[in-house]
Every structure is written in C-alpha cells, then in structure tokens.
Amino acid sequence: MQFHHHGYVSGDPRIQPAAGVGINRPEELPDRVDVLIVGSGPAGMLAAAQLAQFPGITTRIVERRPGRLAIGQADGIQARSVETFQAFGFAEEITAEAYWITEMAFWRPDTEEPTRIVRGGRAKDDESGISEFKHLIVNQARVLDYFARVAVNSPTRLTPDYGWDFQSLENTDEGEYPVKVTLVRSAGPDEGGERVVHAKYVIGSDGARSKVRASIGCTMAGDKANHAWGVMDVVAKTDFPDIRTKCAIQSHDGGSILLIPREGGHLFRMYVDLGVVPEDDHGKVRQTSIEQIIAKANRIMRPYTVEVRNVAWHSVYEVGHRLTDRFDDVPPEQLGIRAPRVFITGDACHTHSAKAGQGMNVSMQDGFNIAWKLGHVLEGRSPESLLSTYSAERQVVAKNLIDFDKTWSTMMAKKPEEFDDPSELEDFYVRTAEFPAGFMTEYTPSLIVGEATHQDLATGFPVGKRFKSALASRVCDTNPLHLGHQAQADGRWRIYVFADAAPAGADSPTTDLARWLATAPESPLAATPEGADTDAWFDVKVVYQQRHEDIDINAVPAVFKPEVGPFGLTDLQKVFGTVPGEDIFDVRGLSRDGVVVVVRPDQYVAHVLPLTATGELGAFFAPLLDTRRS
C-alpha cells in the first residue's frame with residue numbers, strides 16, 4: 001500500500017480522499033446517474049466497489065431490502081475470489097475470520113456392515129499448489145460488508161441506496177441518459193412511492209427472479225434435475241469425528257450429505273439428499289420441514305448422531321441448471337450495430353446447484369468484468385465497443401460452470417452401488433480441482449485478448465487466463481513479495497516487463513523498450529491525460545534477472561520509476577529482482593531473452609510479447625485508446 005505522496009496521512013490509509021462526484025455526494029438518489037446497479041449481492045457490490053474508484057463517474061446501487069444482508073445463503077469462497085479480494089485490499093482480514101478448507105473427507109458404507117458409514121479416504125484441497133491463497137468458507141453477508149467498506153472508502157464515497165425496488169426499464173435511445181428506470185420505495189415512511197431514474201448504463205444484479213432480465217427480453221433456458229436437497233446452517237452436538245472437515249457422505253440407502261464447516265468453530269452447513277422428486281410433486285418437496293431434514297441427516301450418518309441445538313437458516317431446493325443466451329440488452333440481430341446499455345450478472349443470467357460452491361464466485365467475476373469496462377468507457381479511455389466483450393466472455397464461462405456442476409451434482413446424488421469404483425467421487429474431486437478453484441477461465445482472442453503467438457516466451461502466464469502470481473524481490477526495500485499482490489483493483493492495465501539478462505541501464509532490448517514506452521506516440525502511455533501521473537492509466541513494472549543487491553536502481557530507466565503526486569515524488573516500488581531459490585523466470589517459464597506480459601484490470605493476461613515487439617504492443621492498445629488519440 002502506498003500513501004503520503006499527496007502529503008502526510010495520519011489516519012487509516014485505506015480511506016482514500018474523496019474526489020470528483022464523491023465530494024459533497026448527495027444522500028438522496030439523483031434523477032440522473034452514469035451507472036445504476038440493481039441489487040447489492042456479490043456481483044453488484046463488487047461492481048460498485050470497482051466503479052467507486054473512478055472519481056468522475058456517478059454510480060448508485062439500489063437494493064429492495066431496507067438495509068444490509070444479515071444472513072447470506074452462499075458461503076464458499078474459492079481461491080480465485082481471494083485473489084480478487086487481495087486486489088480490493090481485504091484478503092488477509094477475511095481469511096483470518098473464515099474457515100479454511102485444506103482437506104475433504106469421503107465417507108461411504110462399511111463393506112462389512114453397510115448400514116454404518118466409514119471414512120473411505122481424504123483428499124487435499126489444493127494438492128498441486130494452484131494458488132497461494134486459501135479455499136475459504138465465510139458468510140456471504142460478510143463478503144458484502146467488505147465490499148461495502150471498500151466502496152464507501154473510495155473516492156466517490158459510494159453507499160447502497162436501500163429500500164428501492166426495481167420495477168422496469170426502457171432504453172429510449174434518447175439523450176445522454178437513455179435508460180429510463182422505474183423504481184418503487186420498498187421501505188421507509190414513503191413506502192410505495194415511485195421514482196424514475198435516468199441512467200447511461202444499468203447493471204442488473206437482482207438474482208434468479210431478475211426483473212432487469214425480464215425488462216430486456218432475456219429468458220432463462222435449461223433443465224431441472226428431479227432431485228431435491230435440504231440445506232441447513234446449524235450448531236449441534238455430535239459424535240461425528242469429521243464435523244469440522246468438509247465431507248462427502250454416502251449412505252447405503254438413505255442418500256448423501258455434503259458437509260461444509262462454517263466460520264467461527266461451531267456452525268456447519270449440511271446439504272441433505274431428499275431424493276428423487278416425482279413428476280407430479282408440484283413443489284410439495286419444498287414444504288419439507290427442518291425436523292424432517294434433521295431426521296434424514298441422522299439416518300444417513302448412522303452410527304453417528306447429530307443433535308441440532310440451533311438453526312441459523314434452512315431451505316429446500318431442487319437442482320436446476322439454467323442460462324440466458326446473452327448477458328446484455330443487444331439481441332442477436334443487432335450485434336455489432338449498437339453498443340449494449342443494460343447488463344445482467346450472477347444469478348440473473350446463470351443458475352445451478354450450490355454444491356459446487358461456484359455461484360457467488362462466478363457472480364463476482366461477472367461484476368469485476370463489466371465494472372472496469374464501464375469505467376474505461378465512461379471516462380473516455382476506451383470506445384463503447386469494449387462493452388460488447390462482457391457478454392461474449394462471461395456467457396461462455398457460465399456455460400462451462402453449468403456443465404461442470406451438472407456432473408458434480410449428479411455424482412453427489414448417486415448411490416454407492418452406482419459407482420464403478422468406490423473412490424470415483426474422490427478421484428473426480430482431485431482431478432478437477434482447478435475448475436472449482438476458479439482458474440479454468442480462459443478468454444479467447446478479442447479486442448482485449450491477444451493471440452498466443454508468443455506464448456512460448458511465458459509458458460506460466462497463459463494468454464486469456466488469470467495472472468498467476470509469483471515471488472520477486474523489490475529492489476528499493478529488498479522485500480520478497482508476490483508480484484501479483486502489488487496490483488490493486490484501481491482500473492489500471494498492468495504491463496510487466498521481464499528484462500533480458502543485461503544489467504539495469506545497459507544498452508539492451510529492455511532499455512530500448514523503456515525508451516519507446518516513455519517517448520513514442522504509439523506507446524499506450526502516450527494516451528495518459530495531460531496533468532495526470534504518468535502511471536495513472538498504466539502500471540508498468542520491471543523484473544530484472546539479477547538479485548536485488550546486484551541492481552543499481554539509479555540506472556533503471558525512468559519509465560519504471562514514475563514521478564507521482566503533487567510533489568513529483570519518485571515511485572521506486574515498481575522495480576524488482578529475482579528471489580534466490582524461487583526465481584520467477586524459472587517458476588513461470590519466462591524466456592531469458594525477456595518478455596512483456598500485459599494484464600487486464602481484472603487480473604487476466606491479455607498479451608505476451610517479445611521485448612522488441614513494440615509495434616505489436618502499440619497495435620494491441622491502439623483500438624482501446626482511440627478515443628484519446630482521435
């Protein structure tokens with residue numbers, strides 16, 4: 001974290017100075033906004049926290065509840081999400097309060113006495129080191145609290161507008177604020193009152209029954225498995241030995257349980273198999289009482305017992321897998337003709353079972369994806385065509401998630417005798433670990449993802465996949481740090497220059513590239529607004545092959561040491577060397593001839609290029625920056 005470059009800060013450095021629309025921000029919902037977010041769930045709150053970093057953009061988020069969410073239904077936080085939390089500044093805090101999943105136990109019927117269950121195996125949660133972050137369990141409400149804190153401490157001082165229920169919207173195609181949104185007061189002394197808000201763009205994060213989705217003519221398509229599950233968050237007295245370990249429990253004839261310990265040391269969640277739902281059930285299974293769910297759980301877990309002392313929350317649901325054909329308001333016949341104005345995220349466009357622990361995680365990445373793009377378009381950094389990449393990228397991700405969840409939820413519902421091998425469920429869990437951890441997303445070439453022509457120069461940073469961090473030694477203070485952890489969710493592109501073997505300052509491809517970045521009209525840095533810090537839009541870091549003690553920081557080109565703030569202070573924290581024993585060039589398969597790795601604001605690798613490919617680097621950014629250069 002960097003501060004003091006605008007003067008001495010004596011308070012909490014996480015509270016950024018108010019700026020732009022955050023100065024004297026009106027408490028009342030205004031009649032005109034740049035972005036209106038509907039729904040304060042994970043996707044909506046992350047989008048709000050990201051857009052709050054853009055001082056000139058008026059963003060408001062409306063929520064029909066009268067206040068913050070008290071009890072969330074989602075709780076699984078995959079490692080990819082924790083990487084995202086790191087960028088927003090609260091990964092360490094939320095990790096400290098969460099339950100950590102390090103192993104999963106698999107219970108199955110005893111072969112000698114099938115009416116009893118026995119532990120059949122254990123599997124490490126991240127055996128191959130997919131991420132340096134933990135797999136967490138923490139209440140969704142706390143995740144929203146953290147994003148709310150980020151938003152209110154950001155330059156625009158964004159806070160949710162509670163007590164507003166979305167009714168409808170219309171894209172009038174008229175004026176600067178073409179989307180006409182009708183809201184109704186759902187709480188407070190003026191409950192029932194109607195308001196119309198005009199917006200440039202709308203993000204619908206209003207859940208599976210999304211009214212925003214209906215307003216833009218999107219429909220959900222998919223199927224429903226005729227299988228029901230009871231889910232409960234409880235504290236209980238039990239003799240089950242793995243009550244504080246994630247477990248898949250299969251009984252001989254009573255069904256299955258997915259056990260998820262919760263944060264705090266005592267609470268746990270159980271997904272209890274309620275069996276096949278008859279075609280003529282007509283929703284009766286949803287009337288299953290908590291007492292019936294508890295009784296079913298005890299039948300499955302014999303010879304162990306669970307004596308529930310307190311129920312925090314419970315529900316019954318039938319597994320469904322549904323997906324919209326698009327995630328914005330542009331119908332197929334208008335693709336490429338007009339830019340989208342309305343976007344849907346999370347459960348509004350994809351639904352699935354809860355047992356894969358993906359809903360909240362994928363939804364947050366939806367919000368991250370669209371928010372930085374809206375920020376860039378509204379600030380004039382990029383053309384509106386950037387917004388069309390949202391639906392194109394995220395719809396594919398959601399489809400892959402649903403396909404995975406169909407397999408996982410089907411396997412969870414199987415009877416033990418239906419498996420070819422008793423360890424089949426365990427093997428599947430281990431074999432597919434990278435997908436539920438959130439790391440299988442791979443965006444294809446587009447306006448913001450280059451071709452993988454030079455992938456062999458950086459095999460550990462696949463183009464289109466998330467930037468997988470590794471250690472490097474910061475030269476100015478000699479600290480070994482995770483390179484990826486130095487990137488904040490501030491809307492900036494990252495350009496990582498992994499230098500050739502020459503010493504800092506010597507004539508080399510690295511020095512030539514630095515000169516081009518600093519002076520060439522075709523350099524992306526040339527689009528930075530006049531009067532802004534030179535790194536306002538692009539965070540350029542260099543990693544030399546030498547150890548930090550062998551790097552003369554005064555010889556490092558100035559583009560890697562930008563002057564920042566009103567006092568023109570030199571930022572020395574963008575220059576790195578290698579860590580002995582964990583050389584990032586070896587760990588991430590980087591060419592010793594040097595390589596440039598371009599990373600998007602949402603942490604995905606956009607391009608891999610040779611140090612000498614300045615033409616390709618300029619050409620990649622040219623269409624993204626043409627609004628500044630025209």
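## Helix α7 and S363

In this predicted model, S363 lies in helix α7, which covers residues 359–378. The relative accessibility of S363 is 6%, and the residue therefore counts as buried, the cut-off for that class being under 20% relative accessible area. Leaving aside residues up to four places away in sequence, S363 is in contact with A43, G346, D347 and H350.

From the first C-alpha to the last, α7 reaches 29 Å, close to the 28 Å expected for its 20 residues at 1.5 Å a residue. Just after α7 comes G380, which takes a positive phi of about 85°.

Helix α2 spans residues 79–88. Nine of its 10 residues are buried, so the helix is largely enclosed by the rest of the structure. The buried residues are A79, R80, S81, V82, E83, T84, F85, A87 and F88.

Which elements do the buried residues of α2 pack against? The helices are α1 (42–51), α3 (91–97), α4 (140–152) and α7, and the strands are β3 (76–77) and β7 (135–137). After α2 comes G89, and the phi of G89 is positive, near 95°.

## The sheet β3-β7-β4

Strands β3 and β7, both packed against by buried residues of α2, belong to an open sheet of three strands in the order β3-β7-β4, with antiparallel pairing. At the edges stand β3 and β4 (99–101). Each of these two has a single partner strand, so one side of each is left without a neighbour in the sheet.

Strands β4 and β7 run antiparallel and are joined by three bridges. Within this sheet, W100 stands opposite L136 in β7.

## I117 in strand β6

I117 is found in strand β6, which covers residues 117–124. Is I117 buried or exposed? Its relative accessible area is 4%, so I117 is buried, given that the class is set at under 20%. I117 and Y317 are separated by 200 residues in sequence, and their C-alpha atoms are 25 Å apart in space.

## Strands β9, β10 and β11

Strand β10 (residues 179–185) is mostly covered, since six of its seven residues are buried. It pairs with strand β9 (residues 164–171) in the antiparallel sense over seven bridges. It is also joined to strand β11 (residues 194–204) by six bridges, again running antiparallel.

V179 of β10 takes part in both pairings. It is the bridge partner of N171, and it stands opposite A199 in β11.

## The seven-stranded sheet

Another open sheet holds seven strands in the order β20-β19-β25-β22-β21-β26-β27, and the pairing is mixed. Its edge strands are β20 (480–482) and β27 (605–609), each of which pairs on one side only. From one strand to the next, the twist averages 30°.

Strand β21 (residues 493–498) and strand β26 (residues 595–599) run antiparallel, with five bridges between them. One of the residue pairs here is Y496 with its bridge partner V597 in β26.

Helix α10 lies across β21, β22 (538–547) and β26. Its direction makes an angle of about 165° with β22.

Two packed helices are described by the angle between their axes and the distance between the axes. What are these values for α10 and α12? Helix α10 (residues 509–519) and helix α12 (residues 614–621) pack at about 35°, with their axes 11 Å apart. The crossing of the two helices is right-handed.

On the α10 side the contact is made by L513, W516 and L517, which meet T614, L617 and G618 in α12. The residues of this contact divide into four nonpolar, two polar and no charged.

Key. Residues are numbered from 1 along each chain as its sequence is written. This is a predicted model: local features need pLDDT of at least 70, side-chain atom pairs count only at pLDDT 80 or more; totals for chains, interfaces and linings use all residues. Side-chain values use heavy atoms; hydrogens and water are left out. Axes are lines fitted to C-alpha atoms, for helices over the stretch in contact, and angles run from 0 to 180 degrees between N-to-C directions. Helices (H or I, at least four residues) and strands (E, at least two) are DSSP runs, numbered from the N terminus. A crossing is left-handed if the near helix is turned anticlockwise from the far one by less than a right angle, and right-handed if clockwise. Contact means heavy atoms within 4.5 Å. Ala, Val, Leu, Ile, Met, Phe, Trp, Tyr, Cys and Pro count as nonpolar, Asp, Glu, Lys and Arg as charged, and the others, Gly among them, as polar. Buried means under 20% relative accessible area, exposed over 50%, partly exposed in between (1.4 Å probe, protein chains only). Two strands pair if DSSP finds at least two bridges between them. The expected span of a helix is 1.5 Å times one less than its number of residues.
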